[in-house]
There are 2 protein chains.
Amino acid sequence: MKFLTGVLQKETRELTDLLEPEMEGALVTVNGAVHTIRDMGPIAFVILRKREGLLQCVYEPEEADFLLKDVKEAAAVEVSGILTLSPKAPSGVEIRMKSVKILSEPAEPMPIPVSKWKMNVSLETNLDLRPISLRNIRERAKFRIQEGIVRGFREFLTLQGFTEIHTPKIGSKGAEGGANIFKLDYFHRPAVLAQSPQFYKQMMVGVFDRVFETAPVFRAEKHNTKRHLNEYTSLDFEMGYIDGFEDIMAMETGVLQNIMRLLGKEYQRECGLLEIELPGTDNIPCVRFDEAKRLVSEKYGRPIRNPYDLEPEEEMLIGRYFREEYGSDFVFVTHYPAKKRPFYAMEDPEDPTFTLSFDCLFKGMEITTGGQRIHDYHMLMEKIRRRGMTEEGMEHYLMAFRYGMPPHGGLGIGLERLTMKLIGEDNVRETTLFPRDLNRLEP
Amino acid sequence: MKFLTGVLQKETRELTDLLEPEMEGALVTVNGAVHTIRDMGPIAFVILRKREGLLQCVYEPEEADFLLKDVKEAAAVEVSGILTLSPKAPSGVEIRMKSVKILSEPAEPMPIPVSKWKMNVSLETNLDLRPISLRNIRERAKFRIQEGIVRGFREFLTLQGFTEIHTPKIGSKGAEGGANIFKLDYFHRPAVLAQSPQFYKQMMVGVFDRVFETAPVFRAEKHNTKRHLNEYTSLDFEMGYIDGFEDIMAMETGVLQNIMRLLGKEYQRECGLLEIELPGTDNIPCVRFDEAKRLVSEKYGRPIRNPYDLEPEEEMLIGRYFREEYGSDFVFVTHYPAKKRPFYAMEDPEDPTFTLSFDCLFKGMEITTGGQRIHDYHMLMEKIRRRGMTEEGMEHYLMAFRYGMPPHGGLGIGLERLTMKLIGEDNVRETTLFPRDLNRLEP
């Protein structure tokens, strides 16, 4: 009988192994994709793309037991050769090639220059050719950064006693109602796709006190903008036994601090490739909605048109204001008007036209919406009545409250938007692996 | 200006804090839900449910500044009192209550005995009342174990150089075809829900070499069994530059080892509550499909009815065989017949009626399907042609291969099934937070 006992040890080396000082002069074997070949006449450079970065291999006809023409761009290969220090090479080392094994070959040459620093293709082309455009080093790095954000989010919340949950994406009715819900046929019954895990995460506060989820959400919104997607990854948490909604903003501050710490520590290479300067998160200013509107109106001479909502341009100006006045890329805007928040938002006892809620803006764009929720059953029922809503489809949500719920609140962070603003892109599709919008359902 | 600087320090204590030796005799404040009240006449026990477990509080009329009748079951409260060692109490300590602050009260008494060790309600009732039935200590513990499984999966793969990805769940066509696909209307265009991230994770092997995803998948299967769900969480990985499909099984073995290690280390309390004996994962036997069928047919005198597929009863017997003969709860069954595997499965070069694929059985049930995939464009096109399939809807998938893909393979683990078998449940709905099946779309 054959047994498996754990990960098999391999002779092939990863980039990190090659950078160990004792490796110099060793005969090593590495695998990778042929990113590009630069034929200089007497010698040639064969650049391998490996998961940790690029590795330069030098082809010298007298040293190698194969012909350069046998190696094609985009082939998957295994190269053996002598490791040499080379300060000018992308990773500081290079391999003087002795032999090569072709693992797999492409059927056609690349239609776009993925090995260039910048590919200079339109966003449309980039997205149409996503399976290969992502092979570009900078494109790929964006999604390593995105991974770091999610890790930083989960890691911090796990340490803070949160439990990760997996809530259903198909349901009988949407959490917040409205027209932006995708509908589907569920064995001849009408069903919808979750626009948020809101109801479920609140119900689970009654079970685990603190919960989080990192999962897709679906919005059938018809506007095609640079900041909207019809499917995105929402980083959600919800926490019980709060003393006020400051607890939620404080927890998000901790999350953001941990994300930046992790990116600085384990994603330095990608931060360097994309020239990301990690923003400060030690002190995040916190300003009331009406005050923020007034401040930017005064400083930038922009009249307040709609006292109940922030226009994208106003968000941008608030971002600019807090950058200029306080040196902060993040700002919490609090106390949004009740009429712009869902029924479950806790009203401010001092003025119920406002809510104990907030958005977090990052470089002038909303990346988070959160707040304290109503936890008292009777208050919640009264609010539903006042809004002229029906309980239909909310029976289980309301059940959680009927049998007792602690004071609680939470938030949702749009992963792709946070990635976009961190990297400095201006279209959220740039930081979505396979974006879905009004016109795009593929790849 | 107000600033947020990180998580706010609180005076209220968590269970772990209370177990510190220097806390004995201290006046402490804790919050929690009133799980149950046991009135013994002269004194009463008020059991708080906290996220880390149960905490016993003792009510003595002469010590407390409130009346017992003011505290209701299922209320959220903040209790102050003196911490005392109490070997018989659930956590080994108790609080002699001085005062109580009611944070929130239920509107009605509980309809089911959530504070009992076993609630003795039917599965239907349990699922109908999910928001409150999960408040039962043992019910809740199942999903802490589930969290540990996901953490163990991600943590190990991250260390092994995998990148986490987020692929779209709405697409224009299913990855593996077939009738079990949910359809929806996407802005007046036909769309489907992903039944697996298969195509996307393969495409991303060309980008990151090694990728994983932990996300929902959707199957419109019409059979209502104890082991099927219409939406479940799939733990997927895909890895490039493999030497053979043993590399994938070896990686899964490493994943399983890490999951058990993490559960043994950080989820001891929940393992204890549920009386889970963590299965051994040091040596996982590996047997060919046809050989496994022959072995159990001989040992248990069961004729082989269908040489191309494993019936659930056969899976159960294979599990029993490897438990009895090799003391293993896990077994890899390899070389499934090609006609039962999708077109992208790599055929065994020694006998193309079989594939380089496998299932992992755990206690007699399939929890994983995986294998090596075809990586050569021409071989893939030939296979598609031979199966009489069309390229329609696969243009982007095929694009990845046209421009070069390394040898690769991967697998998908059903999270809820793995949790079910680990805990010893016999219905996958028991280990799904909010299950979706033919009849159930709520809560």
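The following questions and answers concern the chains of a predicted model and the way they meet. Local features in this predicted model need pLDDT of at least 70 and side-chain atom pairs count only at pLDDT 80 or more, whereas totals for chains, interfaces and linings use all residues. Residues are numbered from 1 along each chain as its sequence is written, and chains are lettered from A and ligands numbered from 1 in the order in which they are written.

Q: How many helices and strands make up the secondary structure of chain A?
A: Helices (H or I, at least four residues) and strands (E, at least two) are DSSP runs, numbered from the N terminus. The C-alpha trace of chain A spans about 85 × 65 × 40 Å along its principal axes. Its secondary structure comes to twelve helices and 19 strands.

Q: How far apart do the C-alpha centres of domain 1 and domain 2 of chain A lie?
A: The bounds come from an automatic or database domain assignment. That assignment gives domain 1 as 15-104 and domain 2 as 137-431 in chain A. The C-alpha centres of these domains are separated by 46 Å.

Q: Which helix gives the most to the side of chain A that touches chain B?
A: Two residues are in contact if their C-beta atoms, placed from the backbone, lie within 7 Å. By this criterion 100 residues of chain A are in contact with 100 residues of chain B. The helix that gives the most to this side of chain A covers residues 246-266 and supplies eight residues; it is α6 of chain A.

Q: Why do the copies meet through the same surface?
A: The comparison concerns the interface residues of chain A and those of chain B. The copies meet through the same surface because the share of interface residues of chain A that are also interface residues in chain B is 100%.

Q: Which residue of β13(B) is the bridge partner of Leu4(A)?
A: Two strands pair if DSSP finds at least two bridges between them. Strand β1 (residues 2-4) of chain A and strand β13 (residues 284-288) of chain B run antiparallel and are joined by three bridges. In β13(B), the partner of Leu4(A) is Ile284(B).

Q: Why is strand β14 of chain B largely enclosed by the rest of the structure?
A: A residue is buried if 20 or more other C-beta atoms lie within 10 Å of its own, exposed if 12 or fewer, and partly exposed in between, with C-beta atoms placed from the backbone. Phe330(B), Phe332(B) and Thr334(B) point one way from β14(B), Val331(B) and Val333(B) point the other way, and all are buried. The strand, residues 330-334, is therefore largely enclosed, its buried residues being five of the five.
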